[in-house]
Amino acid sequence: MARILVSIPDDFLSSVDKCAADKMRSRSRFIREALQLYIKRSSFANSKKREEDAKILDEILA
């Protein structure tokens with residue numbers, strides 16, 4: 001699995017950490033799941049493209 005660096009304001013990171021703890025998830029898992037959900041919910045003009053992108057993301061994050 002690849003690792004990335006992301007800059008996040010301290011107060012936002014505190015909110016992320018609280019949500020992750022409430023869901024009993026690690027920070028990394030919580031952010032992965034949030035990104036997966038965001039991408040799945042994003043509307044693309046082409047539904048085939050949306051399916052392909054979701055599959056690629058699932059493969060990357062698996």
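User: What span does helix α3 have, and what is expected at 1.5 Å a residue?
Analyst: Helix α3 covers residues 47-61 and has 15 residues. Its expected span is 1.5 Å times one less than its number of residues. That gives 21 Å, and the distance from the first C-alpha to the last is 21 Å, close to what is expected. The model is a predicted one, in which local features need pLDDT of at least 70 and side-chain atom pairs count only at pLDDT 80 or more, while totals for chains, interfaces and linings use all residues. Residues are numbered from 1 along each chain as its sequence is written, and side-chain values use heavy atoms, with hydrogens and water left out.

User: Which residues of α3 are buried?
Analyst: The buried residues of α3 are Asp53, Ala54, Leu57 and Leu61. Buried means under 20% relative accessible area, exposed means over 50%, and partly exposed lies in between, with a 1.4 Å probe and protein chains only.

User: Is arginine 50 called buried, partly exposed or exposed, and what makes it so?
Analyst: Arginine 50 lies in helix α3. Its relative accessibility is 28%, and therefore it counts as partly exposed. From its C-alpha to that of lysine 40, 10 residues apart in sequence, the distance in space is 7.5 Å.

User: How do you know whether the span of helix α1 agrees or disagrees with 1.5 Å a residue?
Analyst: Helix α1, residues 10-22, has 13 residues and should span 18 Å; its end C-alpha atoms are 18 Å apart, so the two values agree.

User: What makes aspartate 22 count as buried or exposed?
Analyst: Aspartate 22 is found in helix α1. Its relative accessibility is 54%, and therefore it counts as exposed.

User: What makes serine 7 count as buried or exposed?
Analyst: Serine 7 lies in the segment before α1. At 76% relative accessibility, it counts as exposed. Its C-alpha is 16 Å from that of alanine 34, 27 residues apart in sequence.

User: How many helices and strands are there in the protein chain?
Analyst: The protein chain has three helices and zero strands, in the pattern α-α-α along the sequence. Helices (H or I, at least four residues) and strands (E, at least two) are DSSP runs, numbered from the N terminus.

User: How do you know how the protein chain stands against a compact globule of 62 residues?
Analyst: Such a globule would have a radius of gyration near 11 Å, but the protein chain has 13 Å. The radius is taken over C-alpha atoms, and the globule rule is 2.2 Å times the number of residues to the power 0.38. The C-alpha atoms fill a box of roughly 35 × 25 × 25 Å along the principal axes. Of the 62 residues, 13% count as buried.
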